[in-house]
Amino acid sequence: DRQHPAQARASSKLYLFDTTLLLMIMAALKRLMLVSTLAVQTARVGAFTGATPAVGVGSLRTAMAGTPTPTRMAQRGMARPRPFHTSSSARMAINSISVEELGQLLGGEEVPGAESLLTLDNVQFVDVREPMELDMANYPTPGKSDDCKFINLPLSMFEAWGPKVAAGEVLDPSKPVVVTCKVGMRSMQLCRWLDDEEQGFKELYNIEGGINAYSSLVDSAVGSPY
């Protein structure tokens, strides 16, 4: 039997409502999974650094601020990297770069830097977000290739890459380093860790507003702000 037009419209509206509700639930679950993952990683970082882990995403910075004990480092057979904090020997070689300037840089244009001319080929790009966040939004390399130019160094995995960075195996201290995250807070944390005489980095750039600002102001194709 054919439906009455009014009944058909009501069924259509109900279908759209159910579909919208389902999408909202799926998005909420995805965010919940990210929060849960970060909470677990926070506890792991706390165990490594000796800091008391607290449950929640906001506690990640607190956990990363702890100092690895020499005993724990010796047991793991690792060189002791300097913990995440600004030491007394910090040189404040940290600069800011806008998302508009980042867009120009990724597009192959030259951007004046604090000490040198920044280009796509001489800059080292670092993203300190978690792997799950990269699936939500990630930088392209327009005009060059579709491959992301950013090296992923999640702060929660500092135990793995910290000693390698300190030994100069990951980044070249003589070249500019541009760091990003979601909104610019975690990236600043890495900049402060690198801004030390022992590390020897001369040019550090924190992306203002992170990838959320880049998505809103430069290129929404990288993914929606989250």
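Contact here means heavy atoms within 4.5 Å. The model is predicted.

Start with helix H4, residues 99-106. Its buried residues are Val 99, Leu 102, Gly 103, Leu 105 and Leu 106. Viewed down the axis of H4, they fall within an arc of 160 degrees, so they line one face of the helix. Just past H4, Gly 108 adopts a positive phi of about 95 degrees.

Next comes the packing against helix H8. Two packed helices are described by the angle between their axes and the distance between the axes. H8 spans residues 210-217, and its axis comes within 9 Å of the axis of H4. The two axes cross at roughly 80 degrees. Angles of 65 to 115 degrees count as roughly perpendicular, so H4 is roughly perpendicular to H8. From H4, the contact involves Val 99, Glu 100, Leu 102, Gly 103 and Leu 106. H8 meets them with Gly 210, Ala 213, Tyr 214 and Leu 217. By class, this contact has 6 nonpolar, 2 polar and 1 charged residues.

The largest nonpolar core has 22 residues. Leu 102, Leu 106, Phe 125, Tyr 139 and Ile 207 touch the most other members. H4, strand E7 (204-207) and H8 each supply at least two residues of this core. H4 gives the largest share, 4 residues.

Tyr 139 deserves a look. Leaving aside residues up to four places away in sequence, Tyr 139 touches Leu 102 and Leu 106, among others.

A second, separate core has 18 residues, among them Ile 94, Val 128, Phe 158 and Trp 161.

Terms used. Residues are numbered from 1 along each chain as its sequence is written. This is a predicted model: local features need pLDDT of at least 70, side-chain atom pairs count only at pLDDT 80 or more; totals for chains, interfaces and linings use all residues. Side-chain values use heavy atoms; hydrogens and water are left out. Buried means under 20% relative accessible area, exposed over 50%, partly exposed in between (1.4 Å probe, protein chains only). The arc is that of the directions from the helix axis to the C-beta atoms. Axes are lines fitted to C-alpha atoms, for helices over the stretch in contact, and angles run from 0 to 180 degrees between N-to-C directions. Angles under 35 degrees count as roughly parallel, over 145 as roughly antiparallel, 65 to 115 as roughly perpendicular and the rest as oblique. Ala, Val, Leu, Ile, Met, Phe, Trp, Tyr, Cys and Pro count as nonpolar, Asp, Glu, Lys and Arg as charged, and the others, Gly among them, as polar. A nonpolar core is a set of buried Ala, Val, Leu, Ile, Met, Phe, Trp, Tyr and Cys residues joined through side-chain atoms within 4.5 Å.
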